[in-house]
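Here is a short briefing for a reader new to this structure. Look over the sequence and the model first, then read on.

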Number of protein chains: 2
Amino acid sequence: MSHMHTPMNFCSDCGAPVSLAVPPGDTLQRHVCIKCGTIHYQNPRMVVGCIAEWEGSILLCRRAIEPRYGFWTLPAGFMENNETTGAAAARETLEEACAEVEIDRLFALVNIPHIHQVHLFYTARLVGGQFGAGVESLESRLFGEAEIPWKDMAFRSVSFALRAWFDDRSRGSFGLHTADLTPPKESGPLSPAG
Amino acid sequence: MSHMHTPMNFCSDCGAPVSLAVPPGDTLQRHVCIKCGTIHYQNPRMVVGCIAEWEGSILLCRRAIEPRYGFWTLPAGFMENNETTGAAAARETLEEACAEVEIDRLFALVNIPHIHQVHLFYTARLVGGQFGAGVESLESRLFGEAEIPWKDMAFRSVSFALRAWFDDRSRGSFGLHTADLTPPKESGPLSPAG
């Protein structure tokens, strides 16, 4: 799913207009209902995905949706209510790459504060080497390290996690990798999602 | 901050009523505006905090707010937009324990899917051994391992992270610890937050 925060003009509880104000005891401006007083907090969202390995290669999907149509990514998407981070990673991999995975462990956490997102990537094993293309993917493919299309990657968080994975593999030891991304210098259609 | 998701009765974009429906290409019911068609996604939120150490002891806060008024917790709270997970952990520790910390690294990730939360705890060093009580805390104190008030802890995620920290310290090696919590068997006022 690629969904953005919707505008906050009206109270989702009672339907009256909201205004920006700092609630008592708070330090930040919030959307507050002018009628019922409900405070509408907005918080970062998690995007969760898999580095799914099969015989030394990694599964990538080519995006069939914006942002970054036609570019390559790890299978990943917004975490849903009522699921765990690991279940979200496996679900997104099934949806985008028609691939069943066994989740291994958390490998990378990437903060992208300017778009209010935290990206989590899990290491995983592709079950039976089977995969396909979900409705949000043009195609899926397994790539060895030398074949990764680094210049055609959709998102910096994905490139970060992939590079860390190949680095760790060459060292023979997998750790936890974290990064905080700042807005790209070049804005525009090539860098819509951090 | 202890804020819950607010009811979703009206469109926050145009103010018209919403209804529950599965959007085209989706698999889950969403709140969809009957007038403008905006889909209102709801996603899990992150609670981020610190295991702040000073001379072998850990900083705990006694809660001055519900849920779990009077019980002990690690300083932690909802991550805000425009900040990183590490910055959120440091901010919450400053707000709740008036304590400046140097963030070390991610130590624990706890999924609590039935309340739509993911809790992250960072290891940290208390700067100068200074702390106090913010408006959401009755008091703060440093506890050695033998003094931890295990029976008076506010949240299971906090107990999990603290036990893992003392276990790792006794082993001399700190790792990353993950857990998925299910609803407590005994529901009611003693277990409102997982």
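**Where the chains meet**

In chain B, 45 residues are in contact with 45 residues of chain A. The model is predicted. Between them, chain B and chain A bury about 3,900 Å². Of that area, 57% is on carbon and sulfur atoms.

**The interface**

- There are 2 salt bridges between chain B and chain A.
- Polar contacts join 20 residue pairs across chain B and chain A, with both residues at pLDDT 80 or more.
- On chain B, the side that touches chain A draws at least two residues from each of these: strand S3 (39-40), strand S4 (45-54), H1, strand S8 (101-112) and strand S9 (117-126).
- That side of chain B has 20 nonpolar, 17 polar and 8 charged residues.

**Salt bridges between the chains**

- Arg30(A) pairs with Glu80(B) in a salt bridge, and their closest N and O atoms are 2.5 Å apart.
- Glu80(A) and Arg30(B) also form a salt bridge, at 2.5 Å from N to O.
- This pair crosses between chains: Glu80(A) is in the loop between strand S7 (76-78) and helix H1 (85-97) of chain A, while Arg30(B) is in strand S2 (residues 30-33) of chain B.
- Glu80(A) counts as buried because its relative accessibility is 5%.
- Arg30(B) counts as buried too, at 4% relative accessibility.

**Salt bridges within a chain**

- Over all chains, the structure holds 18 salt bridges.
- Arg30(A) also meets Asp26(A) in a salt bridge, at 2.8 Å from N to O.
- Both Arg30(A) and Asp26(A) are buried.
- A network of salt bridges links Glu83(A), Arg91(A), Glu92(A) and Glu95(A).
- In chain B, Arg62(B) forms a salt bridge with Glu139(B), with the closest N and O atoms 2.8 Å apart.
- Arg62(B) lies in strand S5 (residues 57-63) and Glu139(B) in strand S10 (residues 137-143), so the pair ties together parts 77 residues apart in sequence.
- Arg62(B) is partly exposed, with a relative accessible area of 25%.
- Glu139(B) is partly exposed as well, at 26%.

**Helix H1 of chain B**

- Helix H1 (residues 85-97) of chain B has 13 residues, which should span 18 Å at 1.5 Å a residue.
- Its end C-alpha atoms are 18 Å apart, which agrees.
- Among the buried residues of H1(B) are Thr85(B), Gly86(B), Arg91(B) and Glu96(B).

**His31(A)**

- His31(A) sits in strand S2 (residues 30-33) of chain A.
- At 18% relative accessibility, His31(A) counts as buried.
- Beyond its neighbours within four places in sequence, His31(A) has contacts including Met8(A), Leu20(A), Thr38(A) and His40(A).

Key: Residues are numbered from 1 along each chain as its sequence is written. Chains are lettered from A and ligands numbered from 1 in the order in which they are written. This is a predicted model: local features need pLDDT of at least 70, side-chain atom pairs count only at pLDDT 80 or more; totals for chains, interfaces and linings use all residues. Side-chain values use heavy atoms; hydrogens and water are left out. Helices (H or I, at least four residues) and strands (E, at least two) are DSSP runs, numbered from the N terminus. The expected span of a helix is 1.5 Å times one less than its number of residues. Buried means under 20% relative accessible area, exposed over 50%, partly exposed in between (1.4 Å probe, protein chains only). Contact means heavy atoms within 4.5 Å. Buried area is the accessible area (1.4 Å probe) that two parts lose on being put together, summed over both. A salt bridge is a side-chain nitrogen of Lys or Arg within 4 Å of a carboxyl oxygen of Asp or Glu. A polar contact is a pair of N or O atoms within 3.5 Å; within protein, one must be able to donate a hydrogen and the other to accept it, and residues adjacent in sequence count only if both atoms are side-chain atoms. Ala, Val, Leu, Ile, Met, Phe, Trp, Tyr, Cys and Pro count as nonpolar, Asp, Glu, Lys and Arg as charged, and the others, Gly among them, as polar.
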